Amino acid sequence: HIRAVGPWTGNLRSTYKEPPYSKIFLDGPFGEGHQDWYKYDVGVMVGGGIGVTPFASILKDIVWKKKTGSVLTCKKIYFLWVTRTQRQFEWMTDIIREVEELNVDGDSIVDVHIFITQFYNKFDLRTTMLYVCE
């Protein structure tokens, strides 16, 4: 079952409703799932749009702990963010830049994956820069 709240999850549910697609088993956490991230060896943080807000503080916490030499029990974080426009992405660029700087020394604790689903104009300068950085 895929909970369809908006058009994106509605399309996801209709896409995976009929064969030949594989079954997907995905469940929870529901509610405050971002509170216990540090208790596990590997964390997968998935946010959509503004739903990424709780993960921003987690990413800042990881940066602070790494810079101060604090012990992190979590060994790996996969951060996936699906956002509609680049404008939604821009408010968090400083945090993501700090996280990426942690990964320079080969101790890659956070893998960041951002998916922008809508482009205004294919040949817009901002869109071109996204393709170049890809």
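In which sense do strand 1 and strand 2 pair, and over how many bridges? The pairing is parallel and runs over seven bridges. The legends below describe close-up views of a predicted model.

**View A. Strand 1 beside strand 2.** Strand 1 covers residues 42-48, and its partner, strand 2, covers residues 76-83. Across the pair, Val44 stands opposite Tyr78 of strand 2.

View B. Gly43, Met45 and Gly47 form the covered face of strand 1. The uncovered face consists of Val42, Val44, Val46 and Gly48.

**View C. The buried face of helix 4.** Ile95, Ile96, Val99 and Leu102 are the buried residues shown in helix 4. Seen down the helix axis, the buried residues fall within an arc of 110°, so they line one face of helix 4. Their cover includes helix 2, strand 2, helix 3 (86-90) and strand 3.

View D. Ser108 lies in the loop that links helix 4 (93-102) to strand 3 (110-116). Leaving aside residues up to four places away in sequence, Ser108 touches Lys76 and Asn103. Lys76 is 32 residues from Ser108 in sequence, yet their C-alpha atoms are 7.6 Å apart in space. The side chains of Ser108 and Asp111 are joined by a polar contact of 3.3 Å.

Conventions. Residues numbered from 1 in each chain as written. Predicted model: local features only at pLDDT ≥ 70, side-chain atom pairs only at ≥ 80, totals over all residues. Heavy atoms only, no water. Helix = DSSP H or I, 4+ residues; strand = E, 2+ residues; numbered from the N terminus. Contact = heavy atoms within 4.5 Å. Polar contact = N/O pair within 3.5 Å; in protein donor to acceptor, adjacent residues only side chain to side chain. Buried < 20%, exposed > 50% of the residue type's maximum accessible area, 1.4 Å probe, protein only. Pairing = 2+ DSSP bridges. Arc of directions from axis to C-beta.
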